Amino acid sequence: MSLAKFAVPALVLLAAGGCARTGEITAGGISAVRSACPRVGVTAGTGDITLFNPPASREASAIDVTATLTNLQSTCVDSLDPIVTTVTFDVLARRAQPGPAREVTLPYYLAIVRGGSSVVAKTVNQVTLRFEEGQIRAQTRAQVSGSVAKSAATLPEEVRKKLTERRKAGDEAAAMDPLSTPEVRDAVLAATFEALVGFQLTQDQLKYNATR
């Protein structure tokens, strides 16, 4: 879970597994549970891939195989060091014409992104789908793991104190969002990671996905 900006009088940041729940009103304000585990998702524009025959064509009649990443699931334990996130997902594919049994291998990646923009690690893997004879659909499940140093995903103690300090109703500080302070906001952003997957597309494939 991620830490979001709340328009409320006070914010209490608790470690995952604490006694308060997200959105629960506590003695110090509204609680938000933050995990050191990366958020998981599919990078925009890379969740689909289209293969053409001939490869240089972009005509609809030349579409050979299309595939989509879907049904993402992840497991992560933020008490480990490094923090290992395992992402599993389905790949659903369709070929234009039925025919003999055929295998198609597609490249995909896992990128660990820090602060919403900085790629700190990336791995490229391959997934193989098998179209049975006479079938136009194929499906398989893939799995990939990435890791983040626990120290990098942990907020500095001074930042935690600023986020969790108790505020009394009526005080000027109670009306201020701690994340409006640049140093606090930057520290939270630096400790926030994402594990993003997608097909490893060529520039032409990226352009096709963006313009189709």
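## Thr46 and its surroundings

The side chain of T46 reaches the backbone oxygen of T43 at a distance of 2.9 Å. In this predicted model, T46 belongs to the loop that lies between β4 and β5. Its relative accessible area is 6%, below the 20% limit, and T46 is therefore classed as buried.

Neighbours within four places in sequence aside, T46 is in contact with L69, Y109, V197, G198, F199, L201 and L206.

In soluble globular proteins, nonpolar side chains tend to be buried together.

With residues up to four places away in sequence not counted, V91 touches A67, T68, L69, V127, L129, A138, Q139, T140 and F199.

Four strands form an open sheet, arranged in the order β5-β6-β7-β10 with antiparallel pairing. The edge positions are taken by β5 (48-52) and β10; each has a single partner strand, so one side of each is left without a neighbour in the sheet. From one strand to the next, the twist averages 25°.

Within this arrangement, β6 and β7 run antiparallel and are joined by 10 bridges. Across this pair, Q73 stands opposite T88 in β7. Helix α3, residues 203-211, packs on the sheet and touches β5 and β6. The direction of α3 makes about 115° with that of β5.

## Asp90 in strand β7

Strand β7 also contains D90. The relative accessibility of D90 is 10%, which is under 20%, so this residue counts as buried. The side chain of D90 is joined to that of N71 by a polar contact of 2.7 Å.

When residues up to four places away in sequence are not counted, D90 touches T68, L69, T70, N71, Q139, T140 and R141. Of these, T68, L69, Q139 and T140 are also touched by V91.

## The disulfide

A search of the whole structure finds one disulfide. The bond joins C37 to C76, with an S to S distance of 2.1 Å. The torsion about the S-S bond of C37 and C76 is about -90°, and the disulfide is therefore left-handed. C37 is located in the loop between β3 (29-34) and β4 (39-42), whereas C76 is in strand β6, so the pair ties together parts that are 39 residues apart in sequence.

The two cysteines fall into separate accessibility classes. C37 is buried, with a relative accessible area of 14%. C76, with a relative accessible area of 26%, is partly exposed, because values between 20% and 50% define that class.

How values were computed:
Residues are numbered from 1 along each chain as its sequence is written. This is a predicted model: local features need pLDDT of at least 70, side-chain atom pairs count only at pLDDT 80 or more; totals for chains, interfaces and linings use all residues. Side-chain values use heavy atoms; hydrogens and water are left out. Contact means heavy atoms within 4.5 Å. A disulfide is a pair of cysteine sulfur atoms within 2.5 Å. Helices (H or I, at least four residues) and strands (E, at least two) are DSSP runs, numbered from the N terminus. Buried means under 20% relative accessible area, exposed over 50%, partly exposed in between (1.4 Å probe, protein chains only). Two strands pair if DSSP finds at least two bridges between them. Axes are lines fitted to C-alpha atoms, for helices over the stretch in contact, and angles run from 0 to 180 degrees between N-to-C directions. A polar contact is a pair of N or O atoms within 3.5 Å; within protein, one must be able to donate a hydrogen and the other to accept it, and residues adjacent in sequence count only if both atoms are side-chain atoms.
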